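Me: I'm new to reading protein models. Could you walk me through one, feature by feature?

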Amino acid sequence: MIIFDEKSQVFRLDTPDTSYCMGIFDGKYLGHIYYGRKIDDTDIKNLIQVEGTCALPSENPAEKGSFMGTFPMEYPTSGLGDFRENCLDIIDSHGQNGLELCFDSYEILDKKPELPGMPSSFGETCDNLKIILKDAAHKISVELYYSVFLDEDVITRSVKICNNGNENIHLTEALSACLSVQNQDYEVLSLHGTWARERHLQRMPVGYGAYTAESVRGEEGHTNHPFLGLLTQNCTETTGEVYAMNFVYSGNFIAKVEMDPFDSIRMVMGIHPKNFSWNLEPGQYFTAPEVVLTYSACGLEKMTHTFHDFYRKHMIRSIYKDKERPIMINNWEATYFDFDDQKILNIAKTAKQCGIELMVMDDGWFGKHREEPTGSLGDWYANEKKLHGPLSKLVDSVTALGMKFGIWVEPEMVSEDSDLFRKHPDWILKTDKRAAVLCRDQYLLDLSRPEVVDYIFESLEKLLKSADISYLKWDMNRSLIDLGSTYLPKERQGEISHRHVLGVYAIQERLVTEFPDLLFE
């Protein structure tokens, strides 16, 4: 599924119905050539026009800057004449930026590499390509990873950035994927909305300039989804062409389409550069999350089915993937905080008569006094006074009805009025010169701290072992603000948002490993 033509210096990646092509130009520049319907040829470099003032630097060194500003780099960088949206930007030890990535080598891998600490696709039916680009001045290498799947029209991409020099490098932008096409009166498709009315379709013509779907909330949020589509005009569910990207990441993201004055379109996706920097010390590397790409020549329906089928086969690991979920009832709207064990049991008894299979006890079961939203977040032990005994007693009463039992948590948050905050006030996100900002009467725990990640996991582990709990509802009810950490040094404060996401993933990975039968929302 992956071919490298030595003569033409072109890579061709083939899925069942599509081909993705890139080539080495001027002996060193990796350019994107083609993505679309499946082709058989590799002698296709003439699809990229490099002539006149935009000729290859070896042919016209006096206009190298013009070349850099128009050439469709596979992984574009800033500082040398490309003023479009880039994928990688740095600040070096002199406070300066600028990178020139040149092709170094490639390798076809038998096994798809995992992304450390992050979710990513998997599968035995894929071929995998690693391309290494290097910047000689800064001794930075960039490893571009592509996986091509035999059973779906999908190509996944991720990036590893390595500091091979002896000075610190600050990454200020590290996106995961770029795609270049020539304009055909395209439209851009994004998914937007707000709470309880998410994922509305929005289509608009691609014009000169840029359109961006993004989140800088520290999580995806309700307003935008980490997806972007590029559609031919009048594309329908069953006709027209679609290029689409989806980001496998739960934090800040940017998805951007930009058209330059020459009708060249660049589409990029990755971690949002706002509030992001990463101090890359000598010998260290940074891994950018995975992007899933697909192309459809048969409209939006083919794109949708491709994504759905791919995620079922190659992304979701849960044992519940192919099982019917239990019918669930949650006590929240029925009781809010005003409940005890008997109310929960009465709801469960009536629900059982209606064929409902899972009783979920929501907010209010924990800490010393969780009768309103101002206290006890962070204290994940049962309020035995409110439940008239240990949690296991209530759970056993519900399971004796022939139902399963589930429970609500919001573990990355903490109340000021809690045992946890009184013991560890320095565990919250907070900037130095102002008081921390409350939202929903809660603060955010600093998940860049390993001890906070350990505390949350150990609290949930103890909870799940205390009773026969089948289902865990993890709620997240506010965005990340106050991006300051007393744990991280000043040169790493820009890492907070990404480290928060990695902390969430670390907790969840440990939970599903320890409790493989847990139904986890």
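Me: How many helices and strands are there in the protein?

Reply: There are nine helices and 26 strands. Both are DSSP runs numbered from the N terminus, with helices (H or I) of at least four residues and strands (E) of at least two. Keep in mind that this is a predicted model, where local features need pLDDT of at least 70, side-chain atom pairs count only at pLDDT 80 or more, and totals for chains, interfaces and linings use all residues. Residues are numbered from 1 along each chain as its sequence is written, and side-chain values use heavy atoms, with hydrogens and water left out.

Me: Is His272 buried or exposed?

Reply: Buried means under 20% relative accessible area, exposed over 50%, and partly exposed in between (1.4 Å probe, protein chains only). His272 has a relative accessible area of 8%, so it is buried. Buried residues make up 56% of the 521 residues in the protein.

Me: Where does His272 lie, and what is it in contact with?

Reply: His272 lies in the loop between strand 17 (264-270) and strand 18 (278-280). Contact means heavy atoms within 4.5 Å. Leaving aside neighbours within four places in sequence, His272 is in contact with Glu214, Ser215, Val216, Asn252, Phe253 and Ile254. With Glu214 there is also a side chain to side chain polar contact, at 2.6 Å. That term is for a pair of N or O atoms within 3.5 Å; within protein, one must be able to donate a hydrogen and the other to accept it, and residues adjacent in sequence count only if both atoms are side-chain atoms.

Me: And at the chain's end, is Glu521 buried or exposed?

Reply: Glu521 counts as exposed, at 52% relative accessibility. It sits in the segment after strand 26 (519-520). Beyond neighbours within four places in sequence, Glu521 is in contact with Tyr471, Leu472, Lys473 and Trp474. Glu521 and Trp408 are 113 residues apart in sequence, yet 9.7 Å apart in space, C-alpha to C-alpha.

Me: How many cavities of 30 Å³ or more does the structure hold?

Reply: Rolling a probe the size of a water molecule over the atoms shows where empty space is left. On a 1 Å grid over the protein atoms alone, a cavity is a set of points where a 1.4 Å probe fits but cannot get out; a pocket is an open set with protein on both sides within 12 Å along at least five of seven lines, and lining residues have an atom within 4 Å of a point. Points are joined across faces, edges and corners, and a volume is the space filled by probe spheres set on them. The structure holds six such cavities. Of its 13 lining residues, the closest to its centre are Lys112, Pro113, Tyr145, Ser147 and Ser158.

Me: Which element gives the most to the lining of the second largest pocket?

Reply: Strand 4 does, with six residues. That pocket has a volume of about 650 Å³.
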